[in-house]
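Thanks, everyone. Let me walk you through one model, helix by helix.

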Amino acid sequence: MIIRWSAFWGFVGVATGAFGAHALKSITTETDINIWNTACRYVLIHAVVLLCVSILYHQKPHPKLKTIAWCFHLGCCIFGGSLWLLVLTSQRWLGAITPMGGLCFLLGWALIFLLPNTEVFRKDENHMNSRE
């Protein structure tokens with residue numbers, strides 16, 4: 001599931017970036033292009049982070065990693081989605097929704113910061129002894 005989210009958001013980030021670079025340049029303002037590119041950049045960054053979380057989850061499935069993945073997935077939906085819709089529809093009120101996506105990103109990063117204190121990174125004594 002997490003790796004599919006990573007692939008989905010990576011695809012969307014590249015596709016929207018290309019659309020912005022080619023289709024939007026001639027029909028919108030420089031400010032809107034900057035808004036569009038900000039959404040693309042944040043989504044692509046978090047697609048890569050989702051890939052890293054997916055790899056960790058594959059090695060050691062843990063509910064905290066799923067929670068982190070949900071935070072980043074929702075962040076991409078809300079942050080990127082609201083900014084892209086803002087540019088496409090000129091509905092500036094959508095900018096008020098964007099910080100909720102930013103909060104999802106921040107929560108995901110805060111949970112990563114706390115991960116070393118959880119069992120996700122504790123050494124498995126049985127696994128360690130089997131190598132000897």
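Start at His62, which sits in the loop between α2 and α3. Helices here are DSSP runs of H or I with at least four residues, strands are runs of E with at least two, and both are numbered from the N terminus.

A word on the source. This is a predicted model, where local features need pLDDT of at least 70, side-chain atom pairs count only at pLDDT 80 or more, and totals for chains, interfaces and linings use all residues. Residues are numbered from 1 along each chain as its sequence is written, and side-chain values use heavy atoms, with hydrogens and water left out.

Is His62 buried or exposed? His62 is buried, at a relative accessible area of 11%. Buried means under 20% relative accessible area, exposed means over 50%, and partly exposed is in between, with a 1.4 Å probe and protein chains only. A polar atom of the His62 side chain lies 3.0 Å from the backbone nitrogen of Lys64. Setting aside residues up to four places away in sequence, His62 touches Tyr57, Glu119 and Val120. Contact means heavy atoms within 4.5 Å.

Now the helices on either side of that loop. Two packed helices are described by the angle between their axes and the distance between the axes. Helix α2 covers residues 30–59 and helix α3 covers residues 63–89. Their axes come within 9 Å and cross at roughly 165°. Axes are lines fitted to C-alpha atoms, for helices over the stretch in contact, and angles run from 0 to 180 degrees between N-to-C directions. So α2 and α3 are roughly antiparallel to each other. The cut-offs: under 35 degrees is roughly parallel, over 145 roughly antiparallel, 65 to 115 roughly perpendicular, and the rest oblique. The crossing of α2 and α3 is left-handed. Left-handed means the near helix is turned anticlockwise from the far one by less than a right angle; clockwise is right-handed. By class, the contact of α2 with α3 has 22 nonpolar, four polar and two charged residues. Nonpolar means Ala, Val, Leu, Ile, Met, Phe, Trp, Tyr, Cys and Pro; charged means Asp, Glu, Lys and Arg; the others, Gly among them, are polar.

Next, α1 against α3. Helix α1 is residues 2–24, and its axis comes within 11 Å of the α3 axis, crossing at roughly 20°. That makes α1 roughly parallel to α3. This crossing is left-handed. Which residues meet here? From α1, the list includes Trp5, Trp9, Phe19 and Leu24. From α3, it includes Trp70, His73, Cys76, Trp84 and Val87. The contact of α1 with α3 divides into 14 nonpolar residues, two polar and one charged.

Stay with Val87, in helix α3. Val87 counts as buried, at 6% relative accessibility. Beyond its neighbours within four places in sequence, Val87 is in contact with Leu24, Thr28, Asp32, Ile35 and Trp36. Val87 and Gly10 are 77 residues apart in sequence, and their C-alpha atoms are 20 Å apart in space.

On to α2 and α4. Helix α4 is residues 98–114, and the axes of α2 and α4 come within 12 Å, crossing at roughly 30°. That makes α2 roughly parallel to α4. The crossing of α2 and α4 is left-handed. Tyr42, His46 and Val49 in α2 meet Phe105, Trp109 and Ile112 in α4. This contact of α2 with α4 has five nonpolar residues, one polar and no charged.

Look at His46, in helix α2. At 4% relative accessibility, His46 counts as buried. Leaving out residues up to four places away in sequence, His46 touches Phe72, Cys76, Phe105 and Trp109.

Ser90 is in the loop between α3 and α4. Phi of Ser90 is near 60°, a positive value in a residue other than glycine. Leu94 is in the loop between α3 and α4. Leu94 is buried, at 8% relative accessible area. Not counting residues up to four places away, Leu94 touches Ser82, Leu85, Leu86 and Thr89.

Finish with Met100, in helix α4. Met100 counts as partly exposed, at 47% relative accessibility. The C-alpha atoms of Met100 and Ser82 are separated by 9.8 Å, with the two residues 18 apart along the chain.

Key: Polar contact = N/O pair within 3.5 Å; in protein donor to acceptor, adjacent residues only side chain to side chain.
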